[in-house]
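Keep the viewer open as you read.

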Amino acid sequence: MRRLCAFCGSRVGAEPDFVAAAQSLGRSLVINGCALVYGGGCGGMMGAVADAVLEAGGEVIGVVPAGLFGDEHVHTGLSELKEVGSMAERKALMTELSDGFVTLPGGLGTLDELFEMWAYAQIGLQAHPLGLLNTLGYYDHLLAFLDSTVANGYVDDRYRHLLIVDNHPDRLVQRL
């Protein structure tokens, strides 16, 4: 079974459509025969996508840094929960367990995870597909900036296009 890693916020965000898209993505993972790997949280976008996978009968593997967030933030109903010693170990294990990555709306931690995997792809340390779920155009400004990095000669176009962008969860999962 393929495993897709979801990077997303521990908060739900300002738009109900963000949560609906996370739930849709979770159901799509199961329909397309994929398990979910993610940060192990029970709230926000993380909880929404994990709960949707579980409700659809899928497998969910959470990876949490031991003691960092407290037990009240850790999802207790997962197929498997792995504890690691640090945030760096968390990202490393999530990478090791995954066959691809999808980024949903989120904040700084979400962007950190996306950009680390993207930079690793650029230098050949990982070769799995990278997806961006652009719900309600959440990432439009970021995408415009990334296009600017290409136009200004800081990023090669071939690396910019490693990121598969879509606003429809099911189509994005299929493209990945």
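In this predicted model, helix 3 (residues 87-97) packs against helix 4 at an angle of about 55°, and their axes sit 12 Å apart. Angles from 65 to 115 degrees would count as roughly perpendicular and those under 35 degrees as roughly parallel, so this pair is therefore oblique. The crossing of helix 3 past helix 4 is right-handed.

Want to see who meets whom there? On the helix 3 side, look for Lys91, Met94 and Thr95; on the helix 4 side, their partners are Asp112, Glu113, Glu116 and Met117. Glu113, Glu116 and Met117 also turn up among the buried residues of helix 4, along with Thr110, Leu114, Trp118 and Ala121.

Now check the length of helix 4, which covers residues 108-122.

Next, hop over to histidine 75, in the loop between strand 3 (60-65) and strand 4 (80-84). Is this residue buried or exposed? Its relative accessibility is 11%, and buried means under 20%, so histidine 75 counts as buried.

A polar contact of 2.6 Å links it to the side chain of aspartate 51, and one of its polar atoms lies 3.0 Å from the backbone nitrogen of glycine 77. Leaving out residues up to four places away in sequence, histidine 75 touches Tyr38, Gly40, Gly41, Cys42, Ala50, Asp51, Leu54 and Leu81.

Note on methods. Residues numbered from 1 in each chain as written. Predicted model: local features only at pLDDT ≥ 70, side-chain atom pairs only at ≥ 80, totals over all residues. Heavy atoms only, no water. Helix = DSSP H or I, 4+ residues; strand = E, 2+ residues; numbered from the N terminus. Buried < 20%, exposed > 50% of the residue type's maximum accessible area, 1.4 Å probe, protein only. Polar contact = N/O pair within 3.5 Å; in protein donor to acceptor, adjacent residues only side chain to side chain. Contact = heavy atoms within 4.5 Å. Expected span 1.5 Å × (residues − 1). Axes fitted to C-alpha atoms, helices over the stretch in contact; angles between N-to-C directions. Parallel < 35°, antiparallel > 145°, perpendicular 65-115°, else oblique. Left-handed = near helix turned anticlockwise from the far one by under 90°.
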